[in-house]
Amino acid sequence: MRKPLVQMLSPMIKNRDRLVKQTLDKSDVLLMEKIKKSKLEILHNSFSPTPNDLVRPVVNESWIRSRNYNLKLFDYNYGPTLDGAAFEELLREKGLLLKAADPYLLNLETMLSHTSCMVLLSDEEGVMLRVLIGNQKLFKKINKRFQLSPGVIWTEKTIGTCAHGISLLLGIPMQICGPEHYSEKFGQISCSSAPIFDVNDNLAATLSIVSPYLQNSHFLSLAISTAWAIQNEYRLALNRELFDTALEATDEAVIIINRRGIITRANAAARKTLDFWGRDLIGMPIEDILGKQPLVDFVLKMGEPVKDAEIESERLNRRLCFSAQPQKDHNGNNFGCVLTLKEIERGRRREKPTGQAQAAFTFDKIVGSSPQIIKSIETAKRFARLDVNILIQGESGTGKELFAQAIHNESRPEGPFIAINCAAIPKNLIASELFGYEGGAFTGADRQGRPGKIELANGGTLFLDEIGDMPLELQPVILRAIEEKRIMRIGGKRYIPVDFRLITATNKNLLDLVKNKQFREDLYYRLKVLELKIPPLRERGPDTVRLAKHFIALAAQKLQIPAPSLSDEAVFHLLKYSWPGNVRELENAMFHAVSMSRNGVIEPGDLPEEIGASPARCPVKDHTGLELIADSRIAAAPNLSLKEIEKITIIQALLQTQYNISEAAKILGMSRSTLYRKIRDNGLKFITLNRNTRPKALGQSQPR
Ligand SMILES: Nc1ncnc2c1ncn2[C@@H]1O[C@H](COP(=O)(O)OP(=O)(O)OP(=O)(O)O)[C@@H](O)[C@H]1O
């Protein structure tokens, strides 16, 4: 390394010390005299004259400080030197800094070896860690005069004004030439210094280039750029250490793989989990360790994260909880991924959250941007702020519990979320479920007794789903508990105060039940202080496609395969179907479709029969005559553009009205002629199937 670098220098440089001005001309000498005179005046008069061009304010201030340290002006000042053991210890301590700096110092020394320059590296306290000089004869001479050797402490305090002393003190690059030094003994030398900072911007070191005679601006730039390079290297090393410490601090097995699936980092927990104690995982293909894992291929290929999926490793004969986070550069290019693995106890599957005492959903997790769902979200958010009872109404599977959880997380996130489905509990058990019981209250009861769900909801939210199925005889007791905010366990003798927010939900028309005397009117009005309506899926327009994509991604994750896309025809079938089971049905349908899909695309044939078995011919064609409901971006884009939403909404309205333009225009709230124009603007040419299914080319017919 040293030889080729030396060869880069011109023989002119080698022969003559051209880097520095060795002979001083008349003007130099005059200038030096003037500076020296100013220095003596300032120090003698013990006041700071207005700084002039000759004396920089930082230098002026440093001279005053040096004098106040009682340093000698006309003689040598020697810094103390650390003893051998202390210096060895310090070198060990500064190992990372030296490892980062040494290659650069060596290069600098090589480049300057034909000059009389010295390269110094000091730590943040001014201890010289490295003193490098190509010319050994000169080094000995300097050492004798200045006692400058590794381990000596040189600061402004110990030797007076010098470049590296000011760099240390102020954290700035500095060049000091000849009489600018405090001590006159330094009058013939010059120095350029630059600070080096660690990752937290703490001063860590200085780099200095010292030369006899005067320096030029190149010296300072050389010192700054070398210090900068060392600083970057040092920060990288520190970050690497920090990363390794964090990596080792976690109990989770963490493995980093590159784009080809080769392990580049792994912590001790990973070696333990993968039975690799004492052996290195680095450089091994992850497939050799875990066996073929479609999820790993999926993350590397698609750049999508995976959270808490369960994988089976045949090689390890073990099930693992697997998460993966792709590593991307600022342009979104995937260059590997971080895998975390947790062992799942034998015979114990990862528990699915039951939704019993925890609420996972928040408003931002509710998928949908249709005006209908946005309205429900906005209303629910407003309701969440008011601590009163809320009745959620909506068809089955529309997301009522989802909204209840989101309201809970918005209003009482610290408390428990206790959900009960009144239709799912046998009638004779509802009372004990809700109110709990004291020990021995009835045959079969626990000896210690048990708290009921209302008690458990204390401080949080009680969610009574299917409230319409609450037995009539229990309704007055519920009413009292709501009004008095206290309950008595079955067989108990004392009231227990409870503080809970009540959210109820139903897919029935409660008012009809009230009219039929199946539901108490007073309870009904107590429950519906605020009423939230969740729209059915068929009214949410393009949300069907958004939700479908959301569920496809979830299903693919569960099945450990890359998420397939939806073909245009499949999108058409999804929009056309009326979804009696709402979002839950869509979720199941997408799971079915993902399981059935081949070649990464969901076709109508992959959908459950009732959804995919609509007419084989798609009645909407684009201007090229292709059977499309919209262009392919609808299937590909993660979110839909306004134009795409408009297109889908028009198609939906036409499907809903069986292509009756007047009715569709009414649904869309626009005139027939506007609808005709929008059909054309959207590049759609329709073959209408009127109620008698007689096809008619819409694009050619004139609006009446
Ligand atoms: N907007 C949405 N975003 C994401 N997932 C949703 C959305 N709406 C519903 N779901 C999902 O659909 C399923 C049904 O939702 P939920 O159980 O909340 O409906 P529900 O109206 O309470 O049903 P039921 O009437 O049967 O009690 C759940 O798996 C839920 O996660």
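Trainee: What makes β4 and β5 a hairpin, and what is the phi of D201 in the turn?

Mentor: In this predicted model, five residues lie between β4 and β5, and the two form a hairpin. Nine bridges join them, and they run antiparallel. Pairing takes at least two bridges. Nine bridges meet that cut-off, so β4 and β5 count as paired. D201 in the turn has a positive phi of about 60°.

Trainee: Which residue of β5 stands opposite P195?

Mentor: T206 does.

Trainee: Why is strand β4 called largely enclosed?

Mentor: A residue is buried if 20 or more other C-beta atoms lie within 10 Å of its own. Eight of the nine residues of β4 (residues 189–197) are buried, so the rest of the structure largely encloses this strand.

Trainee: How do you know that β4 pairs with β3, and in which sense?

Mentor: Four bridges link β3 (residues 174–177) to β4, in the antiparallel sense. The cut-off is at least two bridges, so β3 and β4 pair. C177 stands opposite S190 in β4.

Trainee: What is the order of the open sheet of five strands with antiparallel pairing?

Mentor: The order is β2-β1-β5-β4-β3.

Trainee: What makes β2 and β3 edge strands?

Mentor: Each pairs on one side only. From one strand to the next, the twist averages 15°. β1 (residues 118–123) and β2 pair over five bridges, in the antiparallel sense. M128 in β2 is the bridge partner of S122.

Trainee: What makes α9 mostly covered?

Mentor: Six of its eight residues are buried. They are A163, H164, G165, I166, S167 and L168. These buried residues pack against α4 (57–68), β1, α8 (156–159), β3, β4 and β5. Helix α9 (residues 163–170) lies across β1, β3, β4 and β5, at about 25° to β4. Just after α9, G171 takes a positive phi of about 65°.

Trainee: Why is G84 called exposed rather than buried?

Mentor: G84 has 9, so G84 is exposed. G84 lies in helix α5 (residues 84–93). Between G84 and P150 there are 10.0 Å in space, C-alpha to C-alpha, and the two are 66 residues apart in sequence.

Trainee: What is the order of the open sheet with parallel pairing, and why is one side of β12 and of β19 left without a neighbour?

Mentor: Five strands make up this sheet, in the order β12-β15-β18-β11-β19. β12 (417–421) and β19 (530–533) stand at the edges with a single partner strand each, so one side of each lacks a neighbour in the sheet. Neighbouring strands are turned by 20° against each other on average, direction ignored.

Trainee: How many bridges join β15 to β18?

Mentor: Four bridges join β15 (residues 461–465) to β18 (residues 501–506), running parallel. L464 stands opposite T504 in β18. α15 packs on the sheet, touching β11, β12, β15, β18 and β19, and its direction makes about 165° with that of β18.

Trainee: How do you know that the ligand lies between two domains?

Mentor: Domain 3 (363–535) and domain 4 (560–700) both give residues to the shell, so the ligand lies between them. The shell holds 16 residues, the closest being V367, G399, K400, E401 and V583. α15 (400–411) and α23 (582–596) each supply at least two residues. By class, four are nonpolar, seven polar and five charged.

How values were computed: Residues are numbered from 1 along each chain as its sequence is written. This is a predicted model: local features need pLDDT of at least 70, side-chain atom pairs count only at pLDDT 80 or more; totals for chains, interfaces and linings use all residues. A residue is near a molecule or strand if its C-beta atom, placed from the backbone, lies within 6 Å of it. Ala, Val, Leu, Ile, Met, Phe, Trp, Tyr, Cys and Pro count as nonpolar, Asp, Glu, Lys and Arg as charged, and the others, Gly among them, as polar. Domain bounds come from an automatic or database domain assignment. A residue is buried if 20 or more other C-beta atoms lie within 10 Å of its own, exposed if 12 or fewer, and partly exposed in between; C-beta atoms are placed from the backbone. Axes are lines fitted to C-alpha atoms, for helices over the stretch in contact, and angles run from 0 to 180 degrees between N-to-C directions. Two residues are in contact if their C-beta atoms, placed from the backbone, lie within 7 Å.
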